[in-house]
Amino acid sequence: MKVLLINGSPNQNGCTYTALNEVAMTLQTNGIETEIINIGKKPIAGCIACRKCYIEGKCVFDDAVNEISARLVEFNAIILGSPVYYAGPTGQLTAFLDRLFYSAGKKMAGKLGASVVSCRRGGATAAFDRLNKYFLISNMHIVGAQYWNQVHGNTPDEVRHDKEGLQTMRTLGQNMAWLLKCIEAGKKEGLTLPQYESAIRTNFID
């Protein structure tokens with residue numbers, strides 16, 4: 001079992017990484033493999049609604065989005081991490097996720113998902129909600145903790161002093177590890193993913 005953690009901060013080893021790493025270490029102590037990838041500082045193209053991914057099976061912009069899409073079969077769960085910018089996730093991360101989930105959304109079904117946000121003071125729950133929307137529209141199952149998954153601090157050292165925030169990260173890791181093991185046990189007993197109806201798209205018009 002393996003969990004992909006996506007760091008949407010431009011700072012590779014900043015506050016968001018500190019939170020994600022706390023989750024990753026807890027997963028590892030429970031026997032779950034982890035991988036953290038960093039979005040970084042380079043611009044990321046947003047979705048242009050060309051719908052080429054429906055025809056070609058991948059995004060028209062051949063970058064990290066297609067690299068991760070091709071590897072999704074490796075991962076049983078995805079954790080998204082972002083600092084809070086104006087009560088939302090970073091622009092680079094939302095551009096990345098818009099394209100990833102639009103072009104590879106069908107590959108997400110049945111996976112576990114969780115979001116982690118880092119902020120100085122406010123806006124955390126709005127950013128947290130925005131990230132969870134990707135999971136909720138993709139037949140994924142959101143993992144929670146003892147509080148909303150957020151840490152506070154201006155620097156990694158300040159985040160490390162947020163005892164409740166880091167404990168929340170560890171609780172998230174414990175819950176995700178337990179659920180992954182439950183799913184694995186279910187598979188061994190012959191349980192399979194739900195069989196979904198063909199999607200109905202009405203645009204609110206009959």
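Is Tyr134 buried or exposed? Tyr134 is buried, with a relative accessible area of 6%, where buried means under 20% relative accessible area, exposed over 50% and partly exposed in between (1.4 Å probe, protein chains only). The structure is a predicted model, in which local features need pLDDT of at least 70 and side-chain atom pairs count only at pLDDT 80 or more, while totals for chains, interfaces and linings use all residues. Residues are numbered from 1 along each chain as its sequence is written, and side-chain values use heavy atoms, with hydrogens and water left out.

Across the whole structure, 4 aromatic pairs were found; rings of Phe, Tyr and Trp (its six-membered ring) pair if their centres lie within 6.5 Å, and planes under 30 degrees apart count as stacked, over 60 as edge-to-face and the rest as tilted. The pair of Phe101 and Tyr134 is tilted, because the ring centres are 5.2 Å apart and the planes stand at 45°. Since Phe101 belongs to helix 4 and Tyr134 to helix 5, this pair ties together parts that are 33 residues apart in sequence. Helices (H or I, at least four residues) and strands (E, at least two) are DSSP runs, numbered from the N terminus. Phe101 is also buried, at 9% relative accessibility. Ring pairs join Phe101, Tyr134 and Phe135 into a cluster. An edge-to-face pair is formed by Tyr147 and Trp148, with 5.1 Å from centre to centre and 65° between the planes. Tyr147 is partly exposed at 39% relative accessible area, and Trp148 is partly exposed at 46%.

Pockets and cavities were defined on a 1 Å grid over the protein atoms alone: a cavity is a set of points where a 1.4 Å probe fits but cannot get out, a pocket is an open set with protein on both sides within 12 Å along at least five of seven lines, and lining residues have an atom within 4 Å of a point. Grid points are joined across faces, edges and corners, and a volume is the space filled by probe spheres set on the points. The largest pocket has a volume of about 900 Å³. Its lining consists of 23 residues, with Tyr54, Phe101, Gly105, Lys106 and Ile137 nearest the centre. Two or more lining residues come from each of helix 2 (52–56), helix 4 (91–104) and helix 5 (124–136), and helix 4 gives the largest share, 6 residues. This lining divides into 11 nonpolar, 5 polar and 7 charged residues; Ala, Val, Leu, Ile, Met, Phe, Trp, Tyr, Cys and Pro count as nonpolar, Asp, Glu, Lys and Arg as charged, and the others, Gly among them, as polar.

The second largest pocket has a volume of about 360 Å³. Gly110, Lys111, Ile183, Lys187 and Leu193 are the closest to its centre among 19 lining residues. Helix 7 (residues 163–188) supplies the largest share of this lining, 6 residues. By class, the lining of the second largest pocket has 11 nonpolar, 5 polar and 3 charged residues.

The structure holds 1 cavity of 30 Å³ or more. Helix 2 and helix 4 each supply at least two of the residues lining the largest cavity, with the largest share, 3 residues, from helix 4. The lining of the largest cavity comprises 8 nonpolar, 1 polar and 3 charged residues.
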